[in-house]
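Please look through the sequence and the model before reading on.

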Amino acid sequence: MKKKAYIKADEAETSMGVFKGLEVRIGQIIDDEWDEPMGPTPMPGPTTLRSWDHKLLTKYTASYMPYCQVCCLCTMGKCDLSGDKRGACGLDMRGQQGRIVLAAANIGCSAHLAHSRHLIDYLIEEYGPRTRLIQGPGTEIHAPVSRLVTGMRPRTLEDASIILDYCETQLAHTLSATSTGQEGSWMDFESKVFHVGMIDQLSMEIADLAQVSTLGMPQADPDAPLVESGIGMIDTNKAVILTIGHNIIPAASITDYVTEKGLYDQVEVGGMCCTAWDMTRRDQKAKVIGPISWQLRYVRSGQADVVVVDEQCVRTDIVSEAKKVSTPVISTSDKAVMGLPDRSDDPVDSIIEELVSGKIPGAYISDHHKVGIIATRVALAVKPARRRKRFFPSAKKIQQLAQDCKKCMECVRACPNDQNVQEAVLAAQTGNMELLREVYNNCIGCVRCESACPNDYALHSWMAAVSQDSFKNETHVVRTGRGAVQDTEIRRVGQPIVFGEIPGIVAHVGCANYPGGGKDVHDMAEEFAKRRFIIVTSGCAAISAGHVKDENGQSIYERRSGEFDAGCVVNMGSCVANSHIAGAAIKIAAIFAKRNLRGNYAEIADYIHNRVGAVGISWGAMSQKAVAIAAGFWRLGVPVIVGPHGSKYRRMFLGRADRDRDWIVYDARTGERMYTAPGPEHLFYAAETVAEANVLTAKLCIRPNDTAKGRSIKLSHYVDLHERYMGFFPEDVWKYIRRNNDIPITLKDKILAQMKENKWKERPIPDPTMLKEQIFTGGEK
Amino acid sequence: MMRATPWQTGEICGPDAAKALTKAAQLKRDWRKTKKPLMIVGSQAPSIKHGRGDMVDYSIELSKAAKIPIVATGGAVKAFIERGFEDAKSMGAMELVGYLQDPTWKGPHGKGPHDMILTHSMQYYMEWTLLSGVMNFARHIVPVSLSRFYQPHATWSMPNLKEKNYRDLLKEILEFLGGSK
Ligand code: SF4
Ligand code: SF4
Ligand code: SF4
């Protein structure tokens, strides 16, 4: 195996003398201990997998819904691209949409990749380049995404760094394709979206593998610890440090300091979004406060004595928001300095003094070792005075202020979730706060209503202020992220998944831009866990899934096991742990079907697409990172459903169930081309409602390879959910029947009638593949 | 409130933008030309009140009067079935955007290809994404929004009407489309 190595040292003592600023580049290292043969596409470039991409993009057409009809990306524009018009550079509307999606996917990938790079560089500095990468017990096939994409087995942090070099090169290529006068066809833009999605998945795997190996997080542990979660779990008798973002390093400095000094009886460390997961993966005394859209409600409550932000999904107005409640902010990432003065090199005591006195609203501290001590000491110092203050307005004050409402509806127009804020304000005029509470439940905390209000009402604070009882009831127990899935677990479930007897793997991942509150995520997860699908979660969705109690007061994580098995709910961890979901699907091909992974992308993606009934759901997807994550799954042929806001990603990948030719595969045994049913029917789809998403989830788990038993189980779920949510027996069940024994017994009469009506004919079950080279006869037949 | 500006104020669409629909008679030309209209009813229909009923009842009435087949999205079909209206079909809003771009597609009832769509009762943003797909890539179709708030990606859309004016205009449209063909 060829790979490049790069070694850098500020000062190195060698037999030849002492070198300052030493940099060594080694051209090739051979991994000759690995006997798995190299596949056809190690470290693919932007066009290496183009033909696989085009197969998918022909089967699933891009359906664009532009935000607007102009392009304003260069000075030859603005260009009007409406109708058949082209821009001055020659680009048409479809091309431009593909280009914007590619720009978004690049942005998303860059966030994960830069995060991963920061981690690797930091950890190499702390622990040395030869530090071993360990995914955990029972993970002989560790780093499956890396193996598949690069042909490498990353065994040390140094290897990880080499893989990131590759990722960085690929990102530069795919980003450059969006420049004026580069790529021109929508399909090639989309192929590059897939490419950068794959790179994103790889960089996430490296990030999580590195942190799991070095920072004391659970390693592929189905019994990952249960931890406390929710605003009500935060003990405000203690000083409270709130961390927000995705990068564990600054937060780790805090929890380590608090532990080292034995201060947990005086300090609470709570997190939002992925930093919360990664903190609790290392330290179970830390707490998960809530998903990313909880930022303002919590900051404005004044409960946090210090806010520490790292990177990604942090509110960009966090400093001015925290200032309103006199909370000091510490920014820690060079990607999100937030306008704060750089105090990285100043003495700790002077920084603490300035933050405590309020002389500066916050400080940028890039030296992570200092963050822990500063955040903790500042929080302890400012806490006593802060607890005497009240930060939210009283109900009486709200009622009084509300009297001046202009009834202009601007707040309603501004609300992305169509919440009737005006009506709630008018009700508050009479002292009725119920409607404000209702809005709060469906609110994503964007405060667009406030910026639109001519009276400058702090509307989001009003909602939160009158909902403080529900704050207190937010006392949940959630399972922190386990990391990868073990090979032994895959060995147990591989066959039932591929045969369809475990009807599917449903992954709830991503952000918290929910159309109607986070409970939907829980309800969807529970619906399918009950049906014995395997449910995996990560990121903010994993938090929301855990924020609902059943009649016994238990969360979904308390009542269901964290094993990768039917009916279980498995929290993988933070966003970067999404890579383990892909990893699990990839390992099914390696373990159950004994396929080689090494540099063998197209074959494995084809395997997964045709055999592994997995569906990703990101009900609150909002970020560019979510596009990149989804794109990594699309290239593996795994369908993704998003919530209604996801329609604003402006492009769906839709199959045409009515076009038989789109559902033809090769039978790998004979090379014969055979019709299969439309399964999975779409590759990317925004569902309008939970009802639609649930029905679609069941349907998108159907795969050409299902055995008769598997197919009949999958169809039973589909029919049941369809009847429940749509109110009638679905009209397309007959299409999915290949032989009579595919028919679920209890639905026999109805399906037989449908088959007769549609002149159904029996057809064989192929050994399905979309790749000619996978035909055993070598594609000769 | 009568200005034809996008309801969600950031939703500015480009050179093409819907004409403000304030009188049913404005639809005369397009309605006369249309041979195969399709009504797309969103998931909020059962919760949007209209007269003594809701937008499901209105849709049924309009469908019968003006002979416009209905496709309900996001599970709204259940409400039609529960009211004994068996002619509504069910599809996803995003599926519809894709299929409508094909000028040969026969539609959910097999009665197409459709040359006009009338949409309403969807989340505001989902209606505009749907309409954007149609406006830009299904140019054989005249998209008409029957929602209360201005949808710039349609050909015709109401300019953010007051509740009462909206109800009145819906009635007028029912009478006009129901009586004019
Ligand atoms: S990039 Fe092309 S379409 Fe965009 S403004 Fe420039 S010339 Fe016009
Ligand atoms: S803060 Fe909440 S209510 Fe206000 S606009 Fe955003 S989602 Fe709507
Ligand atoms: S924007 Fe402000 S003034 Fe206008 S209706 Fe809403 S709360 Fe009242």
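The sections below treat confidence, the contact between two chains, and the surroundings of two ligands.

## Model and confidence

The structure is a predicted model. For the complex, the predictor reports an ipTM of 0.97 together with a pTM of 0.96. Chain B has a mean pLDDT of 95, and 97% of its residues reach 70 or more.

## Extent of the interface

Chain A and chain B meet through 47 residues from chain A and 47 residues from chain B. Between them an area of about 3600 Å² is buried, with 53% of it given by carbon and sulfur atoms. On the side of chain A, the residues that lose the most area to chain B are Q69(A), R413(A) and E688(A), which together account for 22% of what that side buries.

## Polar interactions across the interface

Two salt bridges are counted between chain A and chain B. A salt bridge joins the side chains of K89(B) and E731(A), with a distance of 3.6 Å from N to O. Polar contact across the interface of chain A and chain B involves 25 residue pairs, with both residues at pLDDT 80 or more.

Several elements of chain A each supply at least two residues to the side that touches chain B. The strands among them are β3 (61-64), β19 (651-654) and β22 (684-686). The helices are α2 (93-127), α13 (410-414), α26 (690-700) and α27 (708-726). Of these, α27(A) gives the most, with three residues. By class, the residues on the side of chain A that touches chain B comprise 23 nonpolar, 11 polar and 13 charged.

## The shell around ligand 3

Ligand 3 is surrounded by 13 residues, of which the closest are C405(A), K406(A), C408(A), C411(A) and C453(A). Two or more residues of this shell come from each of α13 and α14 (421-429) of chain A. Helix α13 of chain A is also listed among the elements that supply at least two residues to the side touching chain B. The shell around ligand 3 holds eight nonpolar, two polar and three charged residues.

How values were computed: Residues numbered from 1 in each chain as written. Chains lettered and ligands numbered in written order. Heavy atoms only, no water. Contact = heavy atoms within 4.5 Å. Buried area = accessible area lost by both parts, 1.4 Å probe. Salt bridge = Lys/Arg side-chain N within 4 Å of Asp/Glu carboxyl O. Polar contact = N/O pair within 3.5 Å; in protein donor to acceptor, adjacent residues only side chain to side chain. Helix = DSSP H or I, 4+ residues; strand = E, 2+ residues; numbered from the N terminus. Nonpolar A, V, L, I, M, F, W, Y, C, P; charged D, E, K, R; others polar. Near = heavy atom within 4 Å. pLDDT = per-residue confidence, 0-100.
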